[in-house]
Amino acid sequence: MKRTRALSCLITMLLIAAADSTEETVMRLEMSHRDTLFPTSSHRVEDIISEDQKRHSLISQKRKTNGGGAKLPLRSGSDYGAAQYFADVRVGTPAKMFRVVVDTGSELTWVNCRFRGKGRGREKKRRVFRAEESSSFRQVGCLTQTCKVDLMNLFSLSNCPTPSTPCSYDYRYADGSAAQGVFAKETFTVGLTNGRVARLRGLLIGCSSSFNGDSFQGADGVLGLALSEYSFTSKATNLFGGKFSYCLVDHRSHKNVSSYLTFGSTTKTTTTRTTPLDLNLIPPFYAVNIIGISLGDDMLDIPMQVWDATSGGGTILDSGTSLTLLAEAAYRPVVSGLERYLVGLKRVKPEGVPIEYCFDVSSGFNESKLPQLMFHFKGGARFEPHRRSYVVDAAHGVKCLGFVSAGAPATNVVGNIMQQNYLWEFDVVASSLSFAPSTCL
């Protein structure tokens, strides 16, 4: 507003000073006014309108939520043969339901989609989003600043043969999975904690016409909860108080057992612990400052550089990773320490199970004899996962230590099985992580 007023005053002064000038001078002034508003191709009218609409939409939506929170049903993917957790999201206008992987390690939210005749359709019983049938679907053009600059980190592709060509992507995941498609802005409909519904307009979404990888088994897409300007988290936390939380039910639970992914505050209990969340350490992931691991009363001998992100280490929480990955210097003391309590059980190697330490427990197993594993955070908070979260069922009569070596140096990843039956609240404004044991029901 200030820039526009100052520009207007300047033009008026120039016109008065040059009252006896020719019409050509006035035309030059008018051209200068336009050139100042749109100085380069990176500030196209489409970009400016998009930013204004985004801001207006946010203002309108904040008024409609009335300070409440939003919640999405959340359940284990076990019945679908997946080691992930799924949420139900409603996309488009009219809203259509999709089952998506909840992934705090991914920035892009996408669904199985058909656009301009391209897409995989209802393959393998997956639901498909038909873009042309949604009145709120708006493609992102390949010439926009959003595509050429902002989305380059989301694997935005550079091909742009015509101004009407949509901005395309080839999004790659750490496990080798991938999704290809075009970017768009869409409306999401979410249930509120007060029983009403709200529409989140203008969210970035991927319309994926092609994707592959075991990570997507049983899913229609991915809900990207990593912290970045264009993730679902960024939009939702702006509207609902800067916080989101989830409680992961036991990973073996059936699909009729559900909890919630919630945006907004949760109720703290006497067992709630809080530790700093470092949002700038390993972006866009949620990094925590672990300083050690203990078994029972014994602190394990793990070099401090394992936890130092500036030396290639550090630790993140990731709902999209199943097992817990530890740098070799942490992995070896942990599994060796636990193995001592499993003496007498036969070591086995189940087919298709990429875990080093597995045991035949068909003759019986008492997990209460295992020592309590504990993650120690800087500042004094301690996370005590349930024993079934680090000695996991791999097959009938077989249990495995739920850890995988990540090599060295490596980022340590606390996976979703280790997180199960805890309520986790991510406060992206206060940069803190709160957690407490919970039944998730």
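**Rings, cores and helices**

Author: Phe188, Phe232, Phe244, Tyr246, Phe263, Tyr286 and Phe426 form one aromatic cluster. Rings of Phe, Tyr and Trp (its six-membered ring) count as a pair if their centres lie within 6.5 Å; planes under 30 degrees apart are stacked, over 60 edge-to-face, and the rest tilted. This is a predicted model: local features need pLDDT of at least 70, side-chain atom pairs count only at pLDDT 80 or more, and totals for chains, interfaces and linings use all residues. Residues are numbered from 1 along each chain as its sequence is written, and side-chain values use heavy atoms, with hydrogens and water left out.

Reader: How many aromatic pairs are there in the whole structure?
Author: The search finds 25 aromatic pairs. One of them is Tyr171 with Tyr173, edge-to-face, 4.9 Å centre to centre with 70 degrees between the planes. Another is Phe211 with Phe216, also edge-to-face, at 6.0 Å and 80 degrees.

Reader: Are Phe211 and Phe216 buried or exposed?
Author: Both Phe211 and Phe216 are buried, and so are Tyr171 and Tyr173. Buried means under 20% relative accessible area, exposed over 50%, and partly exposed in between (1.4 Å probe, protein chains only).

Reader: Which ring does the charged end of Lys71 sit over?
Author: That of Tyr260, 4.6 Å from the ring centre. The test is NZ of Lys or CZ of Arg within 6 Å of the ring centre and within 35 degrees of the ring normal.

Reader: Changing topic. How many residues has the largest nonpolar core?
Author: It has 81 residues, and those with the most contacts inside it are Leu200, Phe263 and Phe403. It draws at least three residues from each of domain 1 (67-263) and domain 2 (273-437), with bounds from an automatic or database domain assignment. A nonpolar core is a set of buried Ala, Val, Leu, Ile, Met, Phe, Trp, Tyr and Cys residues joined through side-chain atoms within 4.5 Å.

Reader: And what does Phe403 touch?
Author: Its contacts (heavy atoms within 4.5 Å) include Thr324, Tyr331, Val334, Leu373 and Met418, not counting residues up to four places away in sequence.

Reader: Which of the residues in α6 are buried?
Author: Ala330, Tyr331, Pro333, Val334, Val335, Gly337 and Leu338. The buried residues of α6 pack against β15 (290-295), β18 (324-326), β21 (373-377), β24 (398-401) and β25 (403-405). Helices (H or I, at least four residues) and strands (E, at least two) are DSSP runs, numbered from the N terminus.

Reader: What span should the 12 residues of α6 have?
Author: At 1.5 Å a residue, helix α6 (residues 328-339) should span 16 Å, and its end C-alpha atoms are 16 Å apart, which agrees. The expected span is 1.5 Å times one less than the number of residues.

Reader: How many residues of α5 are buried?
Author: Seven of the eight in helix α5 (residues 232-239), so this helix is largely enclosed by the rest of the structure. Among the buried ones are Phe232, Lys235 and Leu239. After α5 comes Gly241, with a positive phi near 80 degrees.

Reader: Last one. Where is Ile205?
Author: In strand β9 (residues 197-212). Ile205 is buried, with a relative accessible area of 1%. Its contacts include Val91, Trp110, Val182 and Phe188, not counting residues up to four places away in sequence. Ile205 and Ala184 are 21 residues apart in sequence and 5.4 Å apart in space, C-alpha to C-alpha.
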